[in-house]
Amino acid sequence: MIIADEVMPGMRGSQLLEIVHKSSPDIIKVMLTGQAGLDAVAYAINNAGLVKYFTKPWESKDLQLTIQSLLEKGRLARKNEKLTQELQENYKKLEQTYNELSLAYKQLKETQDQLIQAEKLSLVGQLSTGIAHEVKNQLNMLGFAELIQEEYPDDKRLQKYAGYILKSGKNIYNLVDEMRRFAKKEQRQYKMETASVTEVLNKLLSFIRFDKLLSSRKIITNFENHPFVCLNEDKFGQVIINLIRNAAYATTEDAGEIKIGVSTNGNQALIEVQDNGCGIPEEHLDQIWTPFFTTKGEEGTGLGLDICKRIIEEHNGSISCASQVNVGTTFTIALPIKYVMPAA
Ligand SMILES: Nc1ncnc2c1ncn2[C@@H]1O[C@H](COP(=O)(O)OP(=O)(O)OP(=O)(O)O)[C@@H](O)[C@H]1O
Ligand SMILES: [Mg+2]
């Protein structure tokens, strides 16, 4: 606290208080002045944070009480400020703890999700081992198709249909095996051969005529050229069938159109499967590739696209999706070209 007389030798009290106020605004300032000094008081109130003044002559008791009460007030103010500061620091610490906690919670949740995923996968592994066993038993009936082929070597129609049945049986074996491989996260090396993409697709499309879901959709091919790529026909076929099945599911029987396109871009062969179906909402576009993501409830396992992606990556290629709700969806596969058949 500083108590200054207004009239002093060398400097006026109001000036002194102004200087002190600039460097130490917290110091309590009191002025003593004669009746004529009220202008100086007004000046000090406006410029020097003056809190109290006494006109001469003052009662020393008065002065004493005022000093005491002002000092007490200042002490309380400082204490208040300290408390506020502590409160702010505590609040900051609390905020930090909260942030750390939410981060920990997020990590926990991720770990938990991974655990659930791993558990599901191991369950799929166990299930598919069982399924493989049962399916194999049931598929023994396919021996009849072989018998038919042997007994009617000259009947072209029977030969063809028996061939389809056997091929279908082989596909079922492969699919179950694929599931088990997927669940065990195994990488299997299968045979890759250089093949014409359009030829493989044509073969596949003649085969899916027998698939009820697919045969009810209009399938249009648009082959711009005939690239040859390194592929495993069964695996590649599995990818295309998965994509066409998804497309068929997304479209209606009367208006559904599925376009299969082949073109090239630099040294890449592009295979497109395009539909005019319900489309995929933007917030799902990242999720569709994750195992078990499905919007089909009981009807879907949500493994289709995960398997597609894995197979295409094993072919050194990539697969992407573009979609617009209520307009349609296009899946594009890019595979490295071996060579392109020159136009006939
Ligand atoms: N052509 C498409 N049009 C609209 N949505 C699609 C299309 N293809 C995939 N989806 C969406 O992506 C999800 C995941 O597809 P995915 O093939 O992985 O699994 P699924 O078809 O649900 O089940 P399944 O394992 O039997 O294939 C689908 O449930 C669907 O919501
Ligand atoms: Mg699917």
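The model described here is a predicted one.

Nine helices and 10 strands make up the secondary structure of the protein. The radius of gyration is 42 Å, well over the 20 Å that the globule rule gives for 344 residues, so the protein is more spread out than a compact globule. Along the principal axes, the C-alpha trace spans about 140 × 50 × 40 Å. Of the 344 residues, 20% count as buried. Contacts across the sequence were also examined: among those between residues at least 6 apart in sequence, 65% join residues at least 24 apart.

Two packed helices are described by the angle between their axes and the distance between the axes. Helix 1 (residues 13-23) and helix 2 (residues 38-48) pack at an angle of about 5°, and their axes are 9 Å apart. Angles under 35 degrees count as roughly parallel, and helix 1 and helix 2 are therefore roughly parallel to each other. On the side of helix 1, the residues that take part are Ser14, Leu17, Glu18 and His21, which meet Ala40, Tyr43, Ala44, Asn47 and Ala48 in helix 2. The residues of this contact divide into five nonpolar, three polar and one charged.

Leaving aside neighbours within four places in sequence, Gln274 is in contact with Lys259, Gly261, Gly328 and Thr330. Thr55, by contrast, is 219 residues from Gln274 in sequence and 95 Å away in space, C-alpha to C-alpha.

Some details of the backbone also deserve a look. Most residues other than glycine have a negative phi, and most peptide bonds are trans. The peptide bond from Lys56 to Pro57, however, is cis, with omega near -5°. Pro57 sits in the loop between strand 3 (50-55) and helix 3 (60-139).

Two asparagines have a positive phi. For Asn316, phi is near 60°, a positive value in a residue other than glycine. Asn316 is found in the loop between helix 9 and strand 9 (318-324). With 12 C-beta neighbours inside 10 Å, Asn316 counts as exposed, since that class takes in residues with 12 or fewer. Asn326 likewise has a positive phi, of about 65°, although it is not a glycine. Its place is in the loop between strand 9 and strand 10 (328-341). Asn326 has 8 C-beta neighbours inside 10 Å and therefore counts as exposed.

Methods. Residues are numbered from 1 along each chain as its sequence is written. Chains are lettered from A and ligands numbered from 1 in the order in which they are written. This is a predicted model: local features need pLDDT of at least 70, side-chain atom pairs count only at pLDDT 80 or more; totals for chains, interfaces and linings use all residues. Axes are lines fitted to C-alpha atoms, for helices over the stretch in contact, and angles run from 0 to 180 degrees between N-to-C directions. Helices (H or I, at least four residues) and strands (E, at least two) are DSSP runs, numbered from the N terminus. Angles under 35 degrees count as roughly parallel, over 145 as roughly antiparallel, 65 to 115 as roughly perpendicular and the rest as oblique. Two residues are in contact if their C-beta atoms, placed from the backbone, lie within 7 Å. Ala, Val, Leu, Ile, Met, Phe, Trp, Tyr, Cys and Pro count as nonpolar, Asp, Glu, Lys and Arg as charged, and the others, Gly among them, as polar. The radius of gyration is taken over C-alpha atoms; the globule rule is 2.2 Å times the number of residues to the power 0.38.
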